[in-house]
Amino acid sequence: MNLHPVVIAFFDEPTNTFSYIVKDPESEACAVVDSVMEIDYASGRTDLSGADKIIEYIRDNGWRLEWIIETHVHADHLSAAPYIQEKLGGKLGIGDQITLVQETFAKVFNEGTDFARDGSQFDRLFADGDTYTIGSMTAFALHTPGHTPACMTHVIGDASFVGDTLFMPDGGTARADFPGGDAKTLYRSIGRVLSLPDDMRLFMCHDYLPNGRPAAWETTVGDERAANIHVREGIGEQEFVSMRQARDATLGMPKLILPSLQVNMRAGHLPPPEDNGQVFLKVPLNTLS
Ligand SMILES: [Fe+2]
């Protein structure tokens, strides 16, 4: 907790997603957490201008990118990780349960044997408690499943990147009804995050501007414990699970779930082009509900 990394947030408005640069205060080393490649699904056009801003920021400051971290396989936006890696280098990491997500969605998209389900598209698969370094900083990965099986919270000094385990106190928590998701598991994972020190800074992956307030991305363990509308102190597991399940039953699929999963289960790479050189994404009919 004596370590206080520099954190810079970037907000992708169309998907309400935050990407972060987290930098070692003692060196030029940094990491990028949860980058975004935009897509206009109607026209099939992708846009990397948001990722370019992150790349520019790192270049302009003369920083060195060591890691590109995905907190999980996102279902609501496409990752720009391979693009950033191509421009700046760095190793790409995700939770080792990615293999479960790949198994599940390889079936949904009827992938052939050329789609590896062993996570080998990534440079590093983190198991619970694994550590890695960003310059002089030691980071550790905390397995926090429930939203998806592969969700990890990355703890770097006094800064934790919680992915979709938690939202800001007035936003509550992420849904737990995707394949492999589970509300009880999510509650227990949130318990792990909220057992970190009270003044631990927590950085959100999403904010949906509840009650029309401006976007917010940073809170603390203490504030979440005191005020989170879904999991503040005093809300028990059963109460949370009933609330989460009732709420999830009312939610439609995220707008970009089909393109997101096809790309993100490949570590952000597009599917291979067909024989005319064109890349396609599939829309499986009547599969997700
Ligand atoms: Fe997510």
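Author: Start with helix 1, residues 49–60, which lies across strand 1, strand 2, strand 3 and strand 6 (64–69). Its direction is at about 160° to strand 1. Keep in mind that this is a predicted model.

Reader: What makes helix 1 roughly parallel to helix 2?

Author: The axes of helix 1 and helix 2 (residues 81–88) cross at roughly 30° and come within 10 Å. Angles under 35 degrees count as roughly parallel, so helix 1 is roughly parallel to helix 2. The crossing is right-handed.

Reader: Which residues of helix 1 and helix 2 make the contact?

Author: Helix 1 supplies Ala 51, Ile 54, Ile 55 and Ile 58. Helix 2 supplies Tyr 83, Ile 84, Lys 87 and Leu 88.

Reader: Now the sheet. In what order do the six strands run?

Author: The order is 1-2-3-6-7-8, in an open sheet with mixed pairing. Neighbouring strands are turned by 25° against each other on average, direction ignored.

Reader: Why are strand 1 and strand 8 called edge strands?

Author: Strand 1 and strand 8 (124–126) each pair on one side only.

Reader: How do you know that strand 2 and strand 3 pair?

Author: Pairing needs at least two bridges. Strand 2 and strand 3 have four bridges, in the antiparallel sense. Within this part of the model, Ile 21 stands opposite Val 32 of strand 3.

Reader: What about strand 9 and strand 10: how many bridges join them?

Author: Four bridges join strand 9 (residues 131–134) to strand 10 (residues 137–143), and the two run antiparallel. Ile 134 stands opposite Met 137 in strand 10. The hairpin of these strands has two residues between them, and Gly 135 there takes a positive phi near 60°.

Reader: And which way does strand 11 run against strand 10, parallel or antiparallel?

Author: Antiparallel, with five bridges joining strand 10 to strand 11 (residues 152–156). Ala 139 stands opposite Ile 156 in strand 11.

Reader: Why is Asn 16 called partly exposed?

Author: Count the C-beta neighbours inside 10 Å. Asn 16 has 16 of them. Buried needs 20 or more, and exposed means 12 or fewer. The count falls in between, so Asn 16 is partly exposed.

Reader: And why is Asp 34 called buried?

Author: Asp 34 has 27 C-beta neighbours inside 10 Å. The cut-off is 20 or more, so Asp 34 counts as buried.

Reader: Last, the largest nonpolar core. Which members touch the most other members?

Author: Tyr 20, Val 22, Val 32, Ile 84 and Phe 203 do, in a core of 74 residues. Helix 4 (residues 183–193) gives the most to this core, with five residues.

Reader: Which residues does Val 22 touch, leaving out those up to four places away in sequence?

Author: Val 22 touches Pro 5, Val 7, Cys 30, Ala 31, Val 33, Ile 156 and Ala 159. One of these, Ile 156, is the residue opposite Ala 139.

Terms used
Residues numbered from 1 in each chain as written. Predicted model: local features only at pLDDT ≥ 70, side-chain atom pairs only at ≥ 80, totals over all residues. Core = buried A, V, L, I, M, F, W, Y, C linked by C-beta atoms within 7 Å. Contact = placed C-beta atoms within 7 Å. Axes fitted to C-alpha atoms, helices over the stretch in contact; angles between N-to-C directions. Parallel < 35°, antiparallel > 145°, perpendicular 65-115°, else oblique. Left-handed = near helix turned anticlockwise from the far one by under 90°.
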